[in-house]
Amino acid sequence: MGFSVMTTRTIGIILNGATGRICSTQHVRNALLPIRDAGGLTVGGDKVVPRLLLVGRDADRVAAIAQQNGIADWSTDVDVALADDTYEIFFDAAATHQRAAVLTKAIAAGKHIYTEKPVALSVAEGLRLLRAAEARGVKHGAVEDKVYLPGLHKLMQLAHGGYFGRIVNFRLEFGWWVFDGVEVPCQRPSWNYRRAGGGGLIFDMVPHWRYVIEDILGPIRRIVASASTATPERIDEGGARYAVDVEDTCGILVELAGGARGTILSSWATRVRRDDLLTFQVDGTQGSAIAGLHRCWTQSAAATPKVAHFSVNVDLGLDYRDGWSEVPAAASYVNPYRVGWEEYLRHVVAGTPLRATLAAGIRDVQLAEACHSSIREDKWVTLDALS
């Protein structure tokens, strides 16, 4: 009787921008190290074990992160890293405004690329990267992690299972109060509030809302947007005051290809009094659901109360949270960044289909670009097919 033996192979991954919080915490500690420490990712009959090379500008910081995580290899020179043929994949989580240039170098070096969002500062720039990757024959992917959050994943299962009937409305609300640094230190880096650094709430968060909405509810047809800057001055990491030249609050009216309309409200200048930092409600003819980052609740048509009136003179004492049922938690939870890496590694190693390709990341940028265009021209903007 024949049998097969599982083989183990390493796959070299360069992580650029390794000293940033997103890379060091989410991609390294919560995603790639757990895959490595579990003995690798099963792909077909083999185990694929990540071998990491951390790249950052500050030698002391990148060396410290490498040591803390049991990673032998690190560098401060991107070009040297790209010249090493033992590393097949290049991942970028460094400054947004430098992304296109470094990804172009990685593609030219024959590396498969995986990148944080936004994948580019414009659709045109993103399409140039995509064409270069296709011409070089390298695989490509974009980080689209939010749809794997437990609450949103439950919401997606409801939508794909036909729970809602015909979807009529949706509402996505996100944000919290970010301090200006005068009396309380700012929780976000100053480049987030500078156009030259690729900052702004629209480029930071709207790309996420594109894939969350389209993966759960279907294609967006057109949008109209409005934005403002609630906090015009902030204190940077060095204690210097600077002018904010990007938006920190944005509202978007969205029309889906299926006809439903919804709203997206995002703000770094709001105090939270809702179920979670992110809530996404979907209303349909057969029922509604609202999801946070981890939890999700439903109200069926049969459980929907008949609200006939309200009183301006007295509080009726109704609790509108009654009649909602929580969707049970899944048996296990996998970090969304790890899910993304596992899907991408299977795509690179075995050619399995990948949802979050560079083209998907460009579509994310397209929604952000449409918001800027709508604000500039004060009109609805249609999201055409990428070409």
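Biologist: Where is Gly 361 found?

Modeller: Gly 361 lies in helix α9, and please keep in mind throughout that we are looking at a predicted model.

Biologist: Is Gly 361 buried or exposed?

Modeller: Gly 361 has a relative accessibility of 3%, and therefore counts as buried, since the cut-off for buried is under 20%.

Biologist: And which residues does Gly 361 touch, leaving out those up to four places away in sequence?

Modeller: Gly 361 touches Val 119, Ala 142 and Glu 144 once those sequence neighbours are set aside. From C-alpha to C-alpha, Gly 361 is 20 Å from Gly 110, and the two are 251 residues apart in sequence.

Biologist: Staying with α9, how does α7 pack with it, at what angle and how far apart are the axes?

Modeller: Helix α7, residues 201–217, and helix α9, residues 358–377, pack at an angle of about 120°, and their axes are 8 Å apart. The two helices are therefore oblique to each other, and α7 passes α9 in a right-handed crossing.

Biologist: Which residues of α7 and α9 meet there?

Modeller: From α7 the residues include Ile 202, Phe 203, Val 206 and Trp 209, and they meet a set in α9 that includes Ala 360, Val 365, Leu 367 and Cys 371. Sorted by class, this contact of α7 with α9 has twelve nonpolar, one polar and four charged residues.

Biologist: Which peptide bond is cis?

Modeller: The peptide bond from Lys 117 to Pro 118 is cis, with omega near -15°, whereas most peptide bonds are trans. Pro 118 is found in the loop between β6 and α5.

Biologist: What is Ile 252 in contact with, beyond its neighbours within four places in sequence?

Modeller: With those neighbours left aside, the contacts of Ile 252 include Val 206, Ile 223, Val 224, Ile 264 and Cys 371.

Biologist: Now the other helix pair, how do α1 and α8 cross?

Modeller: The axes of helix α1, residues 21–37, and helix α8, residues 336–350, come within 8 Å and cross at roughly 60°. That angle makes α1 oblique to α8, and their crossing is right-handed. The contact is made by residues including Ile 22, His 27 and Leu 32 of α1, together with Tyr 337, Trp 341 and Leu 345 among those of α8.

Biologist: One more glycine, then: where is Gly 175, and what does it touch?

Modeller: Gly 175 has its place in strand β8, residues 167–175, and at 0% relative accessibility Gly 175 counts as buried. Not counting residues up to four places away in sequence, Gly 175 touches Ser 267, Thr 270, Val 272, Arg 274 and Leu 277.

Technical notes
Residues are numbered from 1 along each chain as its sequence is written. This is a predicted model: local features need pLDDT of at least 70, side-chain atom pairs count only at pLDDT 80 or more; totals for chains, interfaces and linings use all residues. Side-chain values use heavy atoms; hydrogens and water are left out. Contact means heavy atoms within 4.5 Å. Axes are lines fitted to C-alpha atoms, for helices over the stretch in contact, and angles run from 0 to 180 degrees between N-to-C directions. Helices (H or I, at least four residues) and strands (E, at least two) are DSSP runs, numbered from the N terminus. Angles under 35 degrees count as roughly parallel, over 145 as roughly antiparallel, 65 to 115 as roughly perpendicular and the rest as oblique. A crossing is left-handed if the near helix is turned anticlockwise from the far one by less than a right angle, and right-handed if clockwise. Ala, Val, Leu, Ile, Met, Phe, Trp, Tyr, Cys and Pro count as nonpolar, Asp, Glu, Lys and Arg as charged, and the others, Gly among them, as polar. Buried means under 20% relative accessible area, exposed over 50%, partly exposed in between (1.4 Å probe, protein chains only).
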